[in-house]
Each structure stands twice: as C-alpha cells, then as structure tokens.
Amino acid sequence: MYQQLKSKESKSCFTKSAMTNRRISYVLIGVFITAIILLMRQNSIDSFSYKSDTVEGYLSPSWIPELTNAFTCLRKAFKDGTSFQAAYQWYYMSSTVDKCSDKVAKILHMETYKGDEDKFLIPGPTPNFNYTMLTLGVGHSVKAEELILKSHPSCTRYVGVDPDPAINQDLVEKLGGKFLKHVVAVDDNIGGASLLGKRGYKTVQTQHTSFVNVVKEAELTKVIDILIMDIEGAEFGILADMIEHPQKYPTICQMNAEIHNAFENGPEGYAIIDNLHKMALQSRYLLLKVTQFKYSKNVFNRCFFINVKDDYCVKKYASKLFTSA
Ligand SMILES: *[C@@H]1O[C@H](CO)[C@@H](O)[C@H](O)[C@H]1NC(C)=O
C-alpha cells in the first residue's frame, strides 16, 4: 500500500517534471526561433543600408581608416530618424562626436578660437595660406573672427552679414571686412525672424534673403573657405537644402554652424538628426566637433564640419585623410 502510494506519487512527480521539461524546451525553442528571426532581420537591415551607402558614395577606398571609422561611427549614432532615440542623440551629440571624430580632428590639427563661443578651424597647407571667410549672423561679436584673422592674416575676402547694421557693420568693417544687411534664410520670402535688439531677441516679420543670393552679393559664389553661421533657426532649412541640392551652393570647406533648439524649429528641427545621418552618408561634410550650450530646457549644438569631398577643400585642408594611392 505504502509502496503503491509512493510509486504513484513518484509517477506523478515524474510526469510533472516531464511536463516542466517539455515546457522549458518549448520556451527554449521559442527563444531560439525569435533570436534567428531577429538576427535575420538585423542582417537584412545591415545589408540594405550598406547597399544604400555604396550608392551614396559612402566608404571610399582612398580614405585612411580613421576617416572611415569616423563616418561609420556617426552614421550609426544618427541612424534613428526622428524617433525618441534620435531625440536623445541631440543631448549627447558633443560626446558622440568626440568619440567618433576626435582622431580625425587631431590628425588635421584642428585649432580652437575662443570668442563669445568657440569656433574651430583647420589650417591650410602653408603658414600663410590664403582663404575667404563669411559670417552669417554677426550678433554683436566678431571676437573669434578677429583671432582667426590674427593667426592667419592672408584672408583675401571677409564678409559679415546681419539683419542689423547697428554695432555689427562697424565690427565687420574694423576687421577689414565688407558688411551686408540681410536676414538670411533658405529662400527669398517674407517670414518671421528673430532679431537681436537692445532688449534681447524679438520676432518680427521681414524680408528674407536666400543664402544663395547672399553668396552672390558677397561675391563668394565659387569658394567659401570658412563659413560661420549663427542665424537663429534658419540653419535647419539651409542644412537640409545643402544636402538635397548641393549643386546650388558654392564649395564650402569649413563650417561652424550654431544649431539652435531642435524641438522649437518646426519639422526641419525634428529632422536634424536624420539630416546629420544623411550628411554622414553623403560624406561631403564630416562633423568634427560639437560644443553644447544649455539654457533652461534648451540645448544648442555648435557644430563644426569639414568638407572631405570637394577637390579644392581636400587638397587644401584634408589631404592627410587620404591615402596617396
Ligand atoms: C591664393 O593662393 C593660391 C595658391 O597659393 C594662388 O594660386 C591664388 O592666386 C591666391 N589667391 C589670392 C587671391 O591671392
């Protein structure tokens, strides 16, 4: 009787553990299949984006490994379109870009100029290399420009543009530059502009001049060696247009662009990480350095780009990033 009971119990015990084992194997098989599906999806995403990268001219065999790594790293960091993860990238851009591009910045001997905000520059091949410089949005300060002109005196043309000639015109002309009064935007039209007055910024309706037309008036239609841009949100549209229609624009070798709050500048603001991803795929401009400026909940990213695609710029500023072959 006791024996019987025991065997019954052990039997039921056995069936129970067999059932648990079976359940565990189902779970394991499920996990295994899910893992395979995920891996296959991952692979197909990778091979797809790799294909589109090659179409865009991404990954040139003549790049040194540091340049390849920088573009690959940026492309991965900015891959998330307009999603939440992409928004997160906005806040960590400075450390992301340090991680991706620091080696290239060192190879190019990137210089820092401390004005109201840091500006960056890659020096030319000889100590007295000549260059042109355009400032869009003077904003009552040309300190960085002054320091650049002091270290590199052979500036053949300097133009400063601002909506307000008061203070700004004087500053630009004292440095030997030409002043132009314009509200710069992507297109010529009437629209809102945030202008710096005596009591801070205020928004007014005004005539915009397209970057393309400003460049014509500045007589810089062929090459801008150094572009410094702080235009209160209009940069989102201009950067997007430069990606979309590069042929409209002059050859720009180096670009210091203050990118304002990504979340208060319409759809182009929200698309900024996606546009930086497109820039990494196009591989004309390498994002080399970002300094962040925070006030209350706003984060501005001051971005420095170097042109590694157009012959003039590559020969003059970035030849170290290419193998001689
Ligand atoms: C700038 O330098 C280049 C190469 O040294 C020279 O060919 C060119 O004429 C110079 N441009 C000006 C405006 O001096």
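Student: In this predicted model, which residues in α10 do Phe236, Leu239, Ala240 and Ile243 in α8 meet?
Tutor: The contact of α8 with α10 divides into six nonpolar, two polar and one charged residue. On the side of α8 it is made by Phe236, Leu239, Ala240 and Ile243, and the partners that these meet in α10 are Ile272, Asn275, Lys278, Met279 and Gln282.

Student: Are α8 and α10 roughly parallel or roughly antiparallel?
Tutor: Helix α8, residues 234–244, packs with helix α10, residues 272–282, at an angle of about 30°, and their axes are 10 Å apart. Angles under 35 degrees count as roughly parallel. The angle therefore makes the arrangement of α8 with α10 roughly parallel.

Student: Is the crossing of α8 and α10 left-handed or right-handed?
Tutor: A crossing counts as left-handed if the near helix is turned anticlockwise from the far one by less than a right angle, and as right-handed if clockwise. For α8 and α10, the crossing is left-handed.

Student: Within what arc do the buried residues of α5 fall, seen down its axis?
Tutor: In helix α5, which spans residues 143–151, the buried residues are Ala144, Glu145 and Ile148. They line one face of the helix, because, seen down the axis of α5, they fall within an arc of 100°.

Student: Is glutamate 264 buried or exposed?
Tutor: Glutamate 264 lies in the loop between β11 (251–259) and α9 (266–270). Because glutamate 264 has 11 other C-beta atoms within 10 Å, it is exposed.

Terms used: Residues are numbered from 1 along each chain as its sequence is written. This is a predicted model: local features need pLDDT of at least 70, side-chain atom pairs count only at pLDDT 80 or more; totals for chains, interfaces and linings use all residues. A residue is buried if 20 or more other C-beta atoms lie within 10 Å of its own, exposed if 12 or fewer, and partly exposed in between; C-beta atoms are placed from the backbone. Helices (H or I, at least four residues) and strands (E, at least two) are DSSP runs, numbered from the N terminus. The arc is that of the directions from the helix axis to the C-beta atoms. Axes are lines fitted to C-alpha atoms, for helices over the stretch in contact, and angles run from 0 to 180 degrees between N-to-C directions. Angles under 35 degrees count as roughly parallel, over 145 as roughly antiparallel, 65 to 115 as roughly perpendicular and the rest as oblique. Two residues are in contact if their C-beta atoms, placed from the backbone, lie within 7 Å. Ala, Val, Leu, Ile, Met, Phe, Trp, Tyr, Cys and Pro count as nonpolar, Asp, Glu, Lys and Arg as charged, and the others, Gly among them, as polar.
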